[in-house]
Amino acid sequence: MSETSNRQLAVGDRVLRKEFPPISRHKLALYCGASGDHNPIHVDLDFAKAAGYPDVFAHGMFVMACLGQALTDAVHPPRLRSFATRFIAITQLGARLTCEGHVTELVEHNGERCAKLALTTKDENGDVKLAGEAVIAI
Amino acid sequence: MVDHSVVGRSLAPVTAHVEPGRLRFFRETLGERNPVYTDAEAAKAAGYAALPVPPTYLFCLEMMDAEQAFEFLDVLGADLKQVLHGEQRFTYLAPVMVGDTLRFEPRIASITDKKGGAMTLAVVETKVTNQHGVHIADCSRTVVVRNKVAA
């Protein structure tokens, strides 16, 4: 596991990149139970169609959890100060996600030296699904 | 359309327990392999007294232990078919670990109409404290309501 504290971070440095396997219906069913988010739109095709969608789609928070995992693989978890994302587009079944992050700014935050990271999650077509930001202590 | 007078209203507080079995299910679903989250010794070496939770798990705890996970929909006068998650923020102030009991206090922080009323953004802000009364995190969720607009 890489450890960001062991090196000097600079603006523009890529801190993380992680790929995830295709999102299956089974995975969404498991996440429904594991997360407590029982919204049927993610697991029940009939409900999704009635809501006007062609199929079920991933929970935004499942996709954010993948991004969070990519983040904490690269950044020692106790260093994480904040984590935010905007859900840009629906993530379809079968999507193969790639999560990336790079340093945009070095800042003082509550008396700590911190780095701001810009984060993205894209599918296999390069479409952005999530865009976000994290602040990490360095 | 969403009633703007609900801004400032508190939703029912939620008391949630960080249970090891539920947390393991979450980790396995996500394929979490980071030893800080899976191995008690690695967690201790990282400064945690017990296994910590991954960064988005606070959101799950609040939903799992809520009496009504979708209470905000009633307050907004919307149904599940109309809403999407627009944005999510977490600010981490202190560790959250297996064995903790957390209190979530959500409130409707703002409501903004967009696109001539075609959609409404509702922000729910939640203060989270632990069993010692320590303020451990703030969460903010933006819900996008797709309003039923007459054609």
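Trainee: Is Glu112(A) buried or partly exposed?
Mentor: Glu112(A) counts as partly exposed, at 27% relative accessibility. Bear in mind that this is a predicted model.

Trainee: Which residue does Glu112(A) form a salt bridge with?
Mentor: Arg81(A). The closest N and O atoms are 2.7 Å apart. The pair links distant parts of the chain, 31 residues apart. Glu112(A) sits in strand β4 of chain A, residues 112-122. Arg81(A) sits in strand β2 of chain A, residues 80-87.

Trainee: And Arg81(A), buried or exposed?
Mentor: Buried. Arg81(A) has 18% relative accessibility, and the cut-off for buried is under 20%.

Trainee: How many salt bridges are there over all chains?
Mentor: The count comes to 12.

Trainee: What about Lys18(A), which side chain does it meet in a salt bridge?
Mentor: Asp73(A), at 2.6 Å from N to O. Lys18(A) lies in strand β1 of chain A, residues 14-19, and Asp73(A) lies in helix α3 of chain A, residues 60-74, so the pair ties together parts that are 55 residues apart in sequence.

Trainee: What is the relative accessible area of Lys18(A)?
Mentor: It is 23%, so Lys18(A) is partly exposed. Asp73(A) is partly exposed too, with a relative accessible area of 23%.

Trainee: Switching to Arg17(A). Which residue forms a salt bridge with it?
Mentor: Glu19(A) does, with the closest N and O atoms 2.9 Å apart. Arg17(A) is partly exposed, with a relative accessible area of 44%. Glu19(A) is exposed, at 53%.

Trainee: Which residues are linked with Arg17(A) and Glu19(A) in a network of salt bridges?
Mentor: Arg14(A) and Glu100(A). Together with Arg17(A) and Glu19(A), these residues make up the network.

Trainee: Now chain B. Where is Glu71(B) found?
Mentor: In helix α5 of chain B, which covers residues 71-76.

Trainee: Is Glu71(B) buried or exposed?
Mentor: Buried, and yet Glu71(B) has no salt bridge.

Trainee: Which side chain of opposite charge is nearest to Glu71(B)?
Mentor: Arg9(B), 7.2 Å away.

Trainee: Then what is Glu71(B) in contact with, leaving aside neighbours within four places in sequence?
Mentor: Leu11(B) and Ala12(B).

Notes: Residues numbered from 1 in each chain as written. Chains lettered and ligands numbered in written order. Predicted model: local features only at pLDDT ≥ 70, side-chain atom pairs only at ≥ 80, totals over all residues. Heavy atoms only, no water. Helix = DSSP H or I, 4+ residues; strand = E, 2+ residues; numbered from the N terminus. Buried < 20%, exposed > 50% of the residue type's maximum accessible area, 1.4 Å probe, protein only. Lys, Arg positive; Asp, Glu negative; His and termini not counted. Salt bridge = Lys/Arg side-chain N within 4 Å of Asp/Glu carboxyl O. Contact = heavy atoms within 4.5 Å.
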